[in-house]
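Have a look at the fold below.

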Amino acid sequence: MSEDQKLGFTPNEMMTIAASRALKNDDVCFVGIGAPSAACNVARLTHAPDITLIYESGTIGTAPDVLPLSIGDGELCETAVTTVAVPEMFRYWLQGGRISIGFLGAAQLDKFGNINTTVIGDYAHPKTRLPGGGGAPEIATSSREVYITMAQSKRGMVETIDFFTSFGHGEGGDHRKRLGIDTAGPTLLITDLAVWKPDPVTKEFTVVSLHPGVSREQVQATCGWTVKFAEALDETPAPSELELTTLRDLQARTKAAHEGTAKEKAA
Amino acid sequence: MVQFLPLNQAVAENLHDGDTVAFEGFTHLIPTAAAHEAIRQGFRNLTLIRMTPDLIYDQMIGMGMARKIIFSYVGNPGVGLLRRARDAIENGFPRAIEVEEHSHAGMANAYEAGAAGLPCAVFRGYRGAGLASVNPNIRSVTCPFTGEVLAAVPAIRPDVSFIHAQKADRKGNVLVEGIIGIQKEAVLAAKRAVVTVEEVVDSFDDLHPNLTVLPRWTIAAISVVPGGSHPSYTHGYYVRDNAAYLEWDEIAADRERFQAWMQANVIDSTAGDFAARVEHLRPAA
């Protein structure tokens with residue numbers, strides 16, 4: 001019997017559900033695609049039915065039945081309270097200070113919550129050219145708080161990132177303030193193994209809760225920096241039946257919808 | 001004054017070698033048919049502007065048409081990387097391209113400044129962002145009233161912008177609905193604009209007064225191309241072909257497979273082929 005079977009859920013499911021729990025019913029959340037999108041919609045379908053989900057394509061207050069493949073799927077617009085133009089999205093809604101949580105994923109992350117999604121290697125001569133920042137550089141500085149979610153790996157969680165796509169806490173401490181950034185920045189990191197929060201002074205991400213069945217050694221083995229653990233370390237509550245069913249149903253609907261077009265095409 | 005033209009003529013009359021051109025569509029209403037026509041006509045040394053240069057710029061870059069790209073997200077939305085663009089940036093294949101990279105906020109503000117006839121855009125952005133140190137077009141200004149230091153980027157003023165839209169009326173006014181993205185700003189910022197539409201209707205008299213309508217005198221040419229945004233979508237007409245975006249990841253991964261696909265689906269194809277490509281993506285009547 002595998003570890004997942006014993007627990008009854010996978011590390012990725014635990015990550016998505018732990019991330020969903022961080023969102024509140026009155027949050028206005030700017031949603032990144034991928035893992036953040038799943039977490040935000042599980043929150044909406046469980047404990048936060050009135051949460052406002054915003055995607056950078058301009059859809060405000062959207063309630064998709066299936067997870068979008070892109071930030072601009074038609075479903076987002078059809079179910080939104082309103083859809084605005086992209087300049088308005090970034091000027092009035094994000095820059096205007098109306099977003100409580102910016103929810104981001106990361107290709108590369110350091111211990112101060114700085115994110116790289118631009119290049120691996122040198123910018124001018126990259127080893128791997130990644131898609132880049134899109135909306136993230138300003139989501140990271142204009143949202144009142146930033147949550148980050150990603151699966152742990154030594155490649156992803158590194159001592160030094162190759163490029164500062166989205167500024168977290170910089171070198172730590174009051175670095176944001178020194179750059180004139182008056183928002184809180186990354187306040188929460190949810191991985192497939194643990195929940196992390198920044199140290200109040202140094203701003204270094206510290207593990208505050210291990211997911212069920214996860215050891216400190218596992219967290220360290222999949223992280224490229226020396227991990228700090230909180231003195232009073234919690235265990236993340238396991239997913240409830242409702243949370244798991246909601247997530248799995250959402251993913252099944254999503255899979256059917258996205259494969260649907262391929263099947264019809266083949267027919 | 002706007003002209004209704006076949007797409008090959010609209011492209012030939014409005015796009016030239018060396019132009020700075022935007023084919024816009026923020027994941028919706030992407031002018032794929034217009035981009036494919038530009039590929040067939042074989043333009044060279046283009047500066048390609050787009051917030052989200054997805055499949056069509058991957059294709060144009062892979063065909064060696066671009067000298068430079070100006071963008072804010074060079075990915076296949078929801079799928080991953082753009083492999084032809086990567087090959088050009090990482091390996092200079094089929095030719096090296098110059099890169100000017102912004103954030104979405106930077107690009108959106110720059111388009112808006114272009115539409116507003118301003119020389120630059122001013123906004124609160126790029127704080128702590130690495131892009132500010134690699135892109136010399138990201139600068140700053142100090143607010144004369146508060147002393148706040150704000151980001152400044154030059155306005156985007158394309159020689160020509162191409163967009164796709166739902167419909168035109170017989171006079172040539174154009175309606176854009178759904179995720180309107182940056183369509184209006186791309187048209188108003190450009191010296192010339194070419195619009196492909198799903199259909200032409202008699203009049204817009206019964207439309208709600210606050211919809212996004214581009215008056216006919218803001219557009220140089222309109223071409224009727226049903227399905228013209230496939231594999232993107234046109235709200236109200238057909239849905240996004242997510243499977244095609246997933247499939248592109250495999251096609252573009254290999255230089256030869258890419259060339260073969262381009263030959264079969266673009267070079268040996270016409271604008272008239274788009275309607276059949278969206279047939280299975282239209283909602284059941």
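## Burial and overall build

Of the 285 residues in chain B, 57% come out as buried (20 or more other C-beta atoms within 10 Å of a residue's own, with C-beta atoms placed from the backbone). This is a predicted model, where local features need pLDDT of at least 70, side-chain atom pairs count only at pLDDT 80 or more, and totals for chains, interfaces and linings use all residues. Residues are numbered from 1 along each chain as its sequence is written, while chains are lettered from A and ligands numbered from 1 in the order in which they are written.

The radius of gyration of chain B is 19 Å, which agrees with the value near 19 Å for a compact globule of 285 residues (taken over C-alpha atoms; the rule is 2.2 Å times the number of residues to the power 0.38). Its C-alpha atoms fill a box of roughly 55 × 50 × 35 Å along the principal axes.

## Parts list

Chain B has ten helices and 15 strands (DSSP runs numbered from the N terminus: H or I of at least four residues, E of at least two).

## The 8-10-9 sheet

In chain B, three strands make an open antiparallel sheet in the order 8-10-9; strands pair if DSSP finds at least two bridges between them. The edges are strand 8 (120-123) and strand 9 (139-142) of chain B, each pairing on one side only.

Strand 9 of chain B is joined to strand 10 (residues 149-154) of chain B by four bridges. Thr142(B) sits opposite Val149(B) of strand 10.

Conventions. A residue is buried if 20 or more other C-beta atoms lie within 10 Å of its own, exposed if 12 or fewer, and partly exposed in between; C-beta atoms are placed from the backbone.
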